[in-house]
Amino acid sequence: MPAATRLTIAILAAGLALGASAASAADYPERPVRILVSFPPGGSSDLVARLLAEKLSSELGQQFVVENKPGAAGTVAATELKNADNDGYTLMLSNLTPFSVAPTRFPDTPYDPVADFSHIAYIGAVHLGMFAAPSLETPDMAAFVEQAKAEPGTIDYGSSGVGSWGHVFAVAFENEADVELSHIPYKGSGPMRLDFRAGVIPVMFDAVPQNLPNVEEGVAIPLAVSSPERLASLPDTPTFTELGYDIVAENWLGISGPAGIDGKVIGTLQGAIASALKSDDVVAQFDTWGIVREDMTSDAFTDYVASSAKSWEPRVKQATD
Amino acid sequence: MLDNLALGFATATTASNLLYCFVGTFLGTFIGVLPGLGPLAAVAMLLPVSFYLPPETALVMLAGVYYGAEYGGSIASILLNIPGTPSSSITCIDGYPMARQGRAGVALLITALASFFGGIFGILVIAGLAPVLAEFALLLQPADYFAVMLLGLVAASVVSNSGTMRGVMMVCLGVLLGTIGVDVNSGVTRFTGGVQDLRDGVGLVVVAMGLFGVSEAMMSARGATPSYATEKVSWRRFLPETDEWLRTLAPALRGSLVGSFFGTLPGTGQTVASSIGYALEKRISKNRAQFGKGAIEGIVVPESANNAAAQTAFIPTLTLGIPGSTTMALMIGALMIHGVTPGPRLITEHPDLFWGLIVSFLFGNLFLLVLNIPLIGIWVKLLQIPHYFLYPVVVVLISIGVYSIDHSILDVWTMLAFGLLGYVLRLYRFEPAPLLIGFILGPMMEEYLRRAMLLSRGDPMVFFERPGSAILIGISAVLLVLTALPRRKRKVTPNEEATETP
């Protein structure tokens, strides 16, 4: 979608939403709204939810309260969301793991990522980078692939866990590039970055924003990023697609609720979120956190969640079977 | 360095920073005193407030909350045998017997002083060695971390008063309970019984509060908790005897050293620091026969260790941007919301923030001391409340605390189940402290063991080729053998004993 069209839609959506919120302002929201967050407090996604909650509270005149429900790859929060009343008073900061990865990774996941939810608004996405240590002496992807082919199975790479998006993506990359790497799983990104700095693992697949300080300092070389286009934060780093590997991945964030939320309520929320995403401080914060913003209508977002789940299904199966 | 400290003083002594430092330590202490609510809950509660403050003030306040809660956690350990935070569970071992002997006031005063000592020691370590220590964390590899955890587990089984065999059994049970959840290496779920909420394992606070808090309440209902010796609330009674003062200096120094060291290793933290410190002290102390029966060294060491560790834990967090614990992850979050990214450049790019924080630690520890000594009288009076009023309130508080972590009702039920387990174990004279330490360290040890083996492609020699891990494994082996030797064999003069231990 060209940027101009996107902008028009966003303006239209915001306009429509303003009208809708005027019409339904009497009914929604009448009492505080909960936003479930599937991460423990303090992470960047939690901070997104808190920032947004603050904006929505002032925009809609009711408290939006962040409730952290971490656990089981986000499926604890998503299950609670599915079972909540669909009156718009329970929402969730939806994201890639519980909606696109978990249903395949854990076959007993008790929900359908599309049918059981109302996907209200897309917020933005963070992208994945493949980082190499300078000691590996592979300044770019071509050199890396050459070395990986010469010594199959000897190069270790870290991910933030079995079935994490970094792992799933790395397996897809191994297939595309026809190389064989050894997986060293970690419990989250923090310990992995420590070992990377300590020289334990020479390669890691991890979200871009938290690695920018390492790149600046010269201890991590970004070989490629998983976004469809180059990232503003790493303008010199090619995308995987540019390099001829047909893989794109983004850890998206959105606001979703249980299935069957009233259209008016969705409209109110969408409008408030769209205007919150345009406020200067949100723009500034998202930029420093490396979150690429985008407005989407509820319908477009629902299609997006469906296609995201579909495109991750074969990859997840491949990585975890 | 003097320039830096001057800059730090300039930042830390502004009226608002001093005020928020005081507010932080004050609130932290009170939240820490409540069983079940530890530093994590305290920092999480106050995180939103920090969004409205400038970054250095926010960090000064949250840090105050954090080490204040760490301090407050020991109060409930001593008075009620319920650790306010997991890292103060070691303090229960000697603190609670002291309270029962009518010396709760002495124990609390010593705790305040030992915590202060450890805190100040940790601050000096950060101020002098932060850049060096940050690099040190990078020298360690998975094999070394494995060896550290192993030493911690061996130390934990030695802390037991009911015999090494029982200690080892409890550690093993803790390690087994720690395997519940998704396996890091294969992604397979273990022992969850198909329960989705157990995929991440059982929470540490859930286990700690069940084993210590709920079981303590059950013991008291059974009438098994002997009543406290009555204690007159007077200042003279709170002062330790002269020889006790002298006996605490060396242990406080050793505890602070151990604590400062373990605090800098991401992921190990205060609990490891206090348990290893205690175990080592129990080996080398001249007063070892008293350990577990209210030895003053038995509270000095873990308290100086965990407070020193609480301070030095900021080194990896701020200088590498890598949080050593969930609480530290919250600190990073608080900085990120202000657009400050912790990392190697933090000290050079935000010197006012870094040095201001360190100087604020100094004031915070002073506030804690000034705040807590007058409160000792009130805490001691708390013990005069009859058990049948006190314990139901405690159980309610613990339940709320446990629920507040993940908003999960299953956690509350699990905690009650662990309470029952703790009760049964106590009836058969097994102690909960080694179990808890096994539960904390076991999963980490497994993770590092398997990672080291994965990296070495299955070659176990990796543990002996690296000097760090080889030495630590050696110390663990010696410690275990020494403990397993029959008691009679160790009838040598105290001085000889002190030198023969590693």
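This is a predicted model: local features need pLDDT of at least 70, side-chain atom pairs count only at pLDDT 80 or more; totals for chains, interfaces and linings use all residues.

Reader: What separates the centres of domain 1 and domain 2 of chain A?

Author: The domain assignment gives domain 1 of chain A as 3-125 + 250-320 and domain 2 of chain A as 127-225. Taken over C-alpha atoms, the distance between the two centres is 30 Å.

Reader: Which helix of chain A gives the most to the side of domain 1 that touches domain 2?

Author: In this contact, 15 residues of domain 1 of chain A meet 12 residues of domain 2 of chain A. On the domain 1 side, helix 4 (96-105), strand 9 (250-258) and helix 11 (298-320) of chain A each supply at least two residues. The most, six residues, comes from helix 11 of chain A.

Reader: Which helix supplies the largest share of the side of chain A that touches chain B?

Author: The contact takes 34 residues from chain A and 39 residues from chain B. At least two residues each come from helix 2 (44-60), helix 3 (75-83), strand 6 (182-185), helix 7 (189-197) and helix 8 (212-217) of chain A. The largest share is five residues, and its source is helix 7 of chain A.

Reader: How many nonpolar, polar and charged residues does that side of chain A have?

Author: The side in question is the one that chain A turns to chain B, with 34 residues from chain A in the contact. By class, the residues on this side of chain A are 14 nonpolar, 11 polar and nine charged.

Reader: Why are helix 9 and helix 19 of chain B called oblique to each other?

Author: Helix 9 (residues 204-221) of chain B crosses helix 19 (residues 409-427) of chain B with the axes 7 Å apart, and the crossing is right-handed. Residues in the contact include B:Phe212 of helix 9 and B:Phe418 of helix 19. The angle is about 55°, and angles of 65 to 115 degrees count as roughly perpendicular while those under 35 count as roughly parallel. The two helices of chain B are therefore oblique.

Methods:
Residues are numbered from 1 along each chain as its sequence is written. Chains are lettered from A and ligands numbered from 1 in the order in which they are written. Two residues are in contact if their C-beta atoms, placed from the backbone, lie within 7 Å. Helices (H or I, at least four residues) and strands (E, at least two) are DSSP runs, numbered from the N terminus. Ala, Val, Leu, Ile, Met, Phe, Trp, Tyr, Cys and Pro count as nonpolar, Asp, Glu, Lys and Arg as charged, and the others, Gly among them, as polar. Axes are lines fitted to C-alpha atoms, for helices over the stretch in contact, and angles run from 0 to 180 degrees between N-to-C directions. Angles under 35 degrees count as roughly parallel, over 145 as roughly antiparallel, 65 to 115 as roughly perpendicular and the rest as oblique. A crossing is left-handed if the near helix is turned anticlockwise from the far one by less than a right angle, and right-handed if clockwise. Domain bounds come from an automatic or database domain assignment.
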